[in-house]
Amino acid sequence: MQKRQEWTHPIRRYGSSAAALAFAFVAVACSPTPQGDQGSAAWAPGVETGQEGVDPLLVGHRLMAAGEYDLALDAFTRATLIHGLTAEMMSSFGSAYLGLGRLGQAEEMLRRAIKEAPDWPAPHNNLGIVLMERGKTAEAVQILKRAYALNNGESDAIRDNLRLALEKFENSAHSEPQSTDNNAYKLVQHGGGAYVIRKIP
């Protein structure tokens with residue numbers, strides 16, 4: 001009996017300390033890490049980093065509508081890495097070059113877009129604008145007529161551009177064609193990738 005008392009005596013003596021120590025271990029295990037919210041984020045559902053952002057092609061079209069042609073060109077360049085140099089990308093580049101007044105590059109890119117997608121009215125329309133502004137009025141009329149036919153006459157933008165080209169063509173017999181490479185432009189977007197060009201006074 002005495003031997004049992006000697007055995008149980010240490011438990012009575014250190015029981016409260018052992019319980020306190022066990023509680024401390026549990027508390028440490030359940031407490032947040034020293035980094036606070038950053039450390040606990042490892043255990044919480046986080047943002048999926050692999051999630052794709054907004055398509056830069058869409059961003060580029062929004063920037064075009066806002067008249068931010070330099071930024072649109074940058075966005076289209078990024079979009080090429082995703083989509084490749086498709087007819088839509090070439091048309092987008094051509095429209096951005098047109099907005100920047102870089103008519104030679106605009107013409108080249110829009111011709112390539114038309115070759116790639118011959119039944120798409122938007123690049124025909126925009127090429128017609130470029131040709132008209134470069135003094136190539138006769139060809140501009142033909143291209144815009146083609147755009148108007150492809151669109152079944154439903155686009156106000158294409159109709160307005162064709163009307164302007166026809167007026168220029170009628171007046172071209174009385175004056176020499178003039179390049180307008182240095183003029184400032186304002187493109188008004190009318191949907192479907194077609195634009196109406198307006199001179200900035």
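Trainee: Which residues of H4 are buried?
Mentor: This is a predicted model, in which local features need pLDDT of at least 70 and side-chain atom pairs pLDDT 80 or more, while totals for chains, interfaces and linings use all residues. Residues are numbered from 1 along each chain as its sequence is written, and side-chain values use heavy atoms, without hydrogens and water. Helices are DSSP runs of H or I, at least four residues, numbered from the N terminus. With buried meaning under 20% relative accessible area (1.4 Å probe, protein chains only), the H4 residues that qualify are Tyr69, Ala72, Leu73, Ala75, Phe76 and Ala79.

Trainee: Within what arc do the buried residues of H4 fall?
Mentor: The arc is taken from the directions between the helix axis and the C-beta atoms. The buried residues line one face of H4, because seen down its axis they fall within 165°.

Trainee: Which residues beyond its sequence neighbours does Ala72 contact?
Mentor: Ala72 is buried, at 0% relative accessible area. Contact means heavy atoms within 4.5 Å. Leaving aside neighbours within four places in sequence, its partners are Gly60, Leu63 and Met64.

Trainee: With which side chain does the side chain of Glu107 make a polar contact at 2.8 Å?
Mentor: Glu107 is in helix H6 (residues 103-116) and counts as buried because its relative accessibility is 8%. A polar contact is a pair of N or O atoms within 3.5 Å; within protein, one must be able to donate a hydrogen and the other to accept it, and residues adjacent in sequence count only if both atoms are side-chain atoms. The Glu107 side chain has such a contact with the side chain of Lys136 at 3.1 Å. At 2.8 Å, the partner is Arg134.

Methods
Helix = DSSP H or I, 4+ residues; strand = E, 2+ residues; numbered from the N terminus. Buried < 20%, exposed > 50% of the residue type's maximum accessible area, 1.4 Å probe, protein only.
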